[in-house]
Amino acid sequence: MKPRNTKEECIKIPTDILLDVLTIIVKEHIRHEIADVLESRGIVKVSLYLNENLLKHQKVLHNIQSIIDEYNEYRYSETEELNWKD
Amino acid sequence: MEKECQHCKKTFTVKRIDSVYCSRSCRQLAYIARKATKPKVMGMEGEIPSTLDVNVTEDKLSQIRQEKIIVPKQEQKYVPHGSRILNLIHDRINDDKKLLALNTCLNTQEDIHTYWVGLRLRCLLECLLLFSEAKFARISDLMELCNALTQVRKSRHYQNLPELFPYKSTIENVHYKLRTLCIKAQKVEQIKFSMKEQDKIELIAVRYEFAQFFRKAKFSQLDFE
């Protein structure tokens, strides 16, 4: 059961930055679990359980999301393409 | 062996040779007494009394135990973490003059060649990056990409690229590695297509730079000759 005041945030982490993001999650003691691995796209879905009352948890989430967004900007620029040929 | 307790001064039989106090409570009371004699305690306001009550009794101790210690909340400054890979991509894009050179190429008389090549190279790089992230890549698909790259390099547009065009060595390096891989793995149906970190960062950076000038085109919609 999910503890009170805890919200679940699902983030999609590209494998290139997986280690960097997991380091943050572990260092900041964020409760987490691997929700899914999208092997065909090199993406790992991780669920984070954040305490809504803790400002630090919000800052950690913002930190992680900005890293992912920045990477996605460099890697994809536009919408992510799944079919290479057509 | 008998010793004198350093807190209550009573004589007691020692269980360990290094025992100093007769009981746990004496050890704790002595600790509290020691703490009380320290001149500065964090968060303590006002003057330090000249005399300190160091004779803590059991009653006082239990009272202290029941009291909730309220530590003032301090605003903890959160220092955001960085990403090593992102920093490497940043460094590659910021320190390199390639983007500037590409911009110059597109303002020369040979800009048609730059545009023709750039459009195709962007498409091929997108495909390569996609394959590098997939669990497996079919060898036939990699060969198709490798052949397209060969055709681009042999094309008259590639031959007529301005001298300034800054990506020739990158493209040749990628082409060489892809061709070697295809030759080595031609007997299998699919492989894990992975790149060295440095190569991947370079391709991400080149793709990003191409994206500033060339539209995204589908592989099937382009001719490579």
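User: How many residues does the contact take from chain B and from chain A?

Analyst: In this predicted model, the contact takes 23 residues from chain B and 23 residues from chain A. On the side of chain B that touches chain A, the elements giving two or more residues are helix H3 (84-95), helix H5 (111-133) and helix H9 (197-211) of chain B. By class, that side of chain B has 12 nonpolar, 4 polar and 7 charged residues.

User: Why is His29(A) called exposed?

Analyst: A residue counts as exposed if 12 or fewer other C-beta atoms lie within 10 Å of its own; His29(A) has 10 other C-beta atoms within 10 Å, and is therefore exposed. His29(A) lies in the loop between helix H1 (18-27) and strand S2 (31-38) of chain A, and its phi is near 55 degrees, a positive value in a residue other than glycine.

User: What makes Lys9(B) exposed?

Analyst: The cut-off is again 12 or fewer other C-beta atoms within 10 Å, and because Lys9(B) has 9 of them within that distance, Lys9(B) is exposed. Its place is in the loop between strand S1 (2-4) and strand S2 (11-13) of chain B, and the phi of Lys9(B), near 65 degrees, is a positive value in a residue other than glycine.

User: Why are H1(A) and H2(A) described as roughly antiparallel to each other?

Analyst: H1(A) and helix H2 (residues 55-75) of chain A pack at an angle of about 175 degrees, with their axes 11 Å apart. Angles over 145 degrees count as roughly antiparallel, so the two helices, H1(A) and H2(A), are roughly antiparallel to each other.

User: Which residues in H1(A) meet which residues in H2(A)?

Analyst: From H1(A), Asp20(A), Val21(A) and Ile24(A) meet Val60(A), Asn63(A), Ile64(A) and Ile67(A) in H2(A). The residues of this contact divide into 5 nonpolar, 1 polar and 1 charged.

User: Into which domains is chain B divided, and what separates their centres?

Analyst: Chain B is divided into domain 1 (1-38) and domain 2 (84-221), and the centres of these two domains of chain B, taken over C-alpha atoms, are separated by 76 Å. There are 9 helices and 4 strands in chain B, and of its 225 residues, 21% count as buried. Among contacts in chain B between residues at least 6 apart in sequence, 73% join residues at least 24 apart.

How values were computed
Residues are numbered from 1 along each chain as its sequence is written. Chains are lettered from A and ligands numbered from 1 in the order in which they are written. This is a predicted model: local features need pLDDT of at least 70, side-chain atom pairs count only at pLDDT 80 or more; totals for chains, interfaces and linings use all residues. Two residues are in contact if their C-beta atoms, placed from the backbone, lie within 7 Å. Ala, Val, Leu, Ile, Met, Phe, Trp, Tyr, Cys and Pro count as nonpolar, Asp, Glu, Lys and Arg as charged, and the others, Gly among them, as polar. A residue is buried if 20 or more other C-beta atoms lie within 10 Å of its own, exposed if 12 or fewer, and partly exposed in between; C-beta atoms are placed from the backbone. Axes are lines fitted to C-alpha atoms, for helices over the stretch in contact, and angles run from 0 to 180 degrees between N-to-C directions. Angles under 35 degrees count as roughly parallel, over 145 as roughly antiparallel, 65 to 115 as roughly perpendicular and the rest as oblique. Domain bounds come from an automatic or database domain assignment.
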